[in-house]
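Here is a short briefing on one protein chain.

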Amino acid sequence: MTEEAVRAQREQWEREGLIVGYQAVVNEEYEHDNKVAAFIEVKMTPERDGGFDRLAMRISRFDEVSSCYLASGGFDLLVLVEGKSMRDIARFVAEKLSTLEGVLSTSTHFHLRTYKKNGCIFEAPAQTERLVVAP
């Protein structure tokens with residue numbers, strides 16, 4: 001395809017909502033923000049004629065929420081939350097998330113380290129120094 005054809009296709013997909021954004025994948029080990037992240041499992045009651053959608057969209061609109069997924073299994077939503085501290089995340093869960101009508105329970109798991117994100121593997125830097133070998 002020509003460059004112009006690729007550009008036209010990309011612009012069409014953006015207009016149609018197929019492409020909704022672009023982002024860089026950042027290695028948190030090098031970030032200087034020191035953000036804290038948590039994965040929150042949310043059990044909720046589906047609404048008549050709306051299922052989980054209305055409450056899931058309401059949860060998604062909180063500034064603290066960076067991602068929100070409908071899931072199968074032991075919980076209904078998986079919510080990725082970011083804050084400045086564990087206390088900020090705990091406060092969000094206690095004061096905003098768990099108080100919403102329709103939220104039955106939450107389970108919070110704090111993010112400790114990333115090994116792979118959006119298809120990119122985060123490997124430890126190769127060790128350049130060799131151990132001294134004595135004869």
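**Fold at a glance**

The chain contains three helices and six strands. This is a predicted model. From the N terminus on, the elements run α-β-α-β-β-α-β-β-β.

**Whole chain**

- The chain has 135 residues, and 20% of them count as buried.
- Take the contacts between residues at least 6 apart in sequence: 65% of them join residues at least 24 apart.

**Nonpolar core**

- The largest nonpolar core has 19 residues. Ile40, Val42, Ile59, Val79 and Phe92 have the most contacts inside this core.
- Four elements each supply at least two residues of the core: strand E1 (36–44), helix H2 (53–60), strand E3 (77–83) and helix H3 (86–97).
- E1 gives the largest share, with five residues.
- In soluble globular proteins, nonpolar side chains tend to be buried together.

**Helix H2**

- Leu55, Ala56 and Ile59 are the buried residues to look at in H2. They lie on the same side of H2, because they cover an arc of only 100° around the axis.
- The face of H2 turned away from the buried side carries Asp53 and Arg54, which are exposed.
- What do the buried residues of H2 pack against? Their partners are E1, strand E2 (65–70), E3, H3 and strand E4 (103–110).
- Ile59 is in contact with Val65, Cys68, Leu77, Val79, Leu97, Leu100 and Val103, leaving aside its neighbours within four places in sequence.

**Val65 in strand E2**

- Val65 lies in strand E2. Is Val65 buried or exposed? Buried means under 20% relative accessible area. Val65 has 11% relative accessibility, so Val65 counts as buried.
- Not counting residues up to four places away in sequence, Val65 touches Ile59, Ser60, Val79, Leu80, Val81 and Phe92.
- Val65 and Phe92 are 27 residues apart along the chain. Their C-alpha atoms are separated by 9.7 Å.

**Points to trace in the model**

- Find Ile59 on the buried side of H2, then follow its contacts to Val65 and Val79, among others.
- From Val65, go on to Phe92, one of the residues Val65 touches. Phe92 is also among the residues with the most contacts inside the largest nonpolar core.

Key: Residues are numbered from 1 along each chain as its sequence is written. This is a predicted model: local features need pLDDT of at least 70, side-chain atom pairs count only at pLDDT 80 or more; totals for chains, interfaces and linings use all residues. Side-chain values use heavy atoms; hydrogens and water are left out. A nonpolar core is a set of buried Ala, Val, Leu, Ile, Met, Phe, Trp, Tyr and Cys residues joined through side-chain atoms within 4.5 Å. Buried means under 20% relative accessible area, exposed over 50%, partly exposed in between (1.4 Å probe, protein chains only). Contact means heavy atoms within 4.5 Å. The arc is that of the directions from the helix axis to the C-beta atoms.
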